[in-house]
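The following note concerns the salt bridges of the structure shown below. Please read the points with the model at hand.

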Amino acid sequence: MEQRHLGRTGLRVSRIGLGTLTWGRDTDEHDAADQLKGFWDAGGTLVDTADVYGGGEAEFLLGRLVDSLVPRQDLVIATKAGNVPDPYRRVNGSRGHLLAALDASLERLGTDYVDLWQVHAFDPATPLEETLQAVDHAVSSGRVRYAGVSNFSGWQLAKAATWQLAAPGARTRLASTQMEYSLLQRGIEREVLPAALDLGIGLLPSSPLGRGVLTGKYRRGTPSDSRGASERLAPFVEPYLDDAAARVVDAVATAADGLATSPLHVALAWVRDRPGVAAPVVGARNAAQLREALSVEALSLPYEIRKALDDVSAPVHRYPDQDWSTL
């Protein structure tokens with residue numbers, strides 16, 4: 001699998017990442033092992049997790065599999081901290097919480113460092129410089145190699161990155177930002193992606209398959225074994241089952257027919273090769289699904305198909321962002 005630099009740093013990652021959102025919850029140890037081994041065999045390196053995935057079980061499961069199944073040095077392990085299961089404070093970016101969460105993540109992962117540590121969300125109740133100082137301390141202590149953010153708006157990302165760049169050598173440059181991005185969700189093109197491109201920050205798209213809808217599985221109803229049929233996950237999928245999304249999915253299916261490939265491959269190749277993208281993070285229910293996603297490696301979409309997909313999925317840009325959001 002091709003390797004790409006993550007933003008304007010020396011860190012290289014596989015251009016498809018493995019997501020672990022369901023590990024320890026919907027994905028058991030056997031299926032997780034099959035996924036990790038298949039991912040590594042295909043040349044994948046970037047494995048993305050978070051301290052809140054499965055209540056910590058995703059990190060614990062990944063830690064059990066590393067070294068016993070895949071050499072630690074062959075992986076780029078990325079995790080996150082800052083989201084908390086508290087209905088009154090969903091985000092905690094304080095120094096105390098972040099550093100304690102990092103120590104807990106390292107213990108669950110069974111490693112003394114993570115390759116990429118991401119602030120999971122912006123905390124309006126904590127001064128941003130306090131959050132970023134915690135990131136710098138984590139790097140200087142050797143527990144973190146590179147740092148990024150997740151779910152930051154355009155101005156939040158620019159403020160954080162500028163703060164770090166203001167003292168080169170003393171502060172840790174942000175390597176990445178993780179945001180949802182797909183043919184069904186192009187909202188980050190308004191401000192987040194232009195900011196990332198300008199600042200040299202690599203994008204790690206989450207839900208690159210439109211929460212599974214871009215695979216075409218929902219074109220004739222909701223399969224009984226899909227996320228859309230799950231009581232817990234149905235609200236996650238439902239926003240992408242409207243008429244506007246259906247038009248995009250039909251266009252993806254038409255392109256797939258013309259290329260003799262699958263809608264999954266077309267949708268994933270589109271987002272993988274967008275400007276600024278380092279590695280879409282793909283979550284799979286089982287190893288077979290993951291193998292299908294990883295087999296996109298050889299596909300590059302022709303210009304005409306990329307342009308048609310761009311047009312059918314184009315977000316509405318109005319004042320004031322219509323002039324600066326063109327990629």
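1. Arginine 219 is partly exposed, with a relative accessible area of 41%. In this predicted model, the side chain of arginine 219 forms a salt bridge with that of aspartate 250, at 2.9 Å from N to O. The two residues belong to distant parts of the chain, 31 residues apart: arginine 219 is in the loop between β9 and α7, and aspartate 250 is in helix α8 (residues 243-259). Aspartate 250 is likewise partly exposed, its relative accessible area being 36%.

2. A second salt bridge joins the side chains of glutamate 180 and arginine 211, with an N to O distance of 2.8 Å. Glutamate 180 is located in strand β8 (residues 174-180) and arginine 211 in the loop between β9 (202-206) and α7 (234-237), so this pair ties together parts that are 31 residues apart in sequence. Both glutamate 180 and arginine 211 are buried.

3. Arginine 15 and aspartate 273 also meet through their side chains in a salt bridge, at 3.9 Å from N to O. Because arginine 15 lies in the loop between β2 (12-14) and β3 (17-19), and aspartate 273 in the loop between α9 (263-272) and β10 (281-282), the pair ties together parts that are 258 residues apart in sequence. Arginine 15 is buried, with a relative accessible area of 7%, whereas aspartate 273 is partly exposed at 33%.

4. Which residues are linked with Arg15 and Asp273 in a network of salt bridges? The network also includes Glu2, Arg4, Arg272 and Glu297. In total, the structure holds 20 salt bridges.

Conventions: Residues numbered from 1 in each chain as written. Predicted model: local features only at pLDDT ≥ 70, side-chain atom pairs only at ≥ 80, totals over all residues. Heavy atoms only, no water. Salt bridge = Lys/Arg side-chain N within 4 Å of Asp/Glu carboxyl O. Helix = DSSP H or I, 4+ residues; strand = E, 2+ residues; numbered from the N terminus. Buried < 20%, exposed > 50% of the residue type's maximum accessible area, 1.4 Å probe, protein only.
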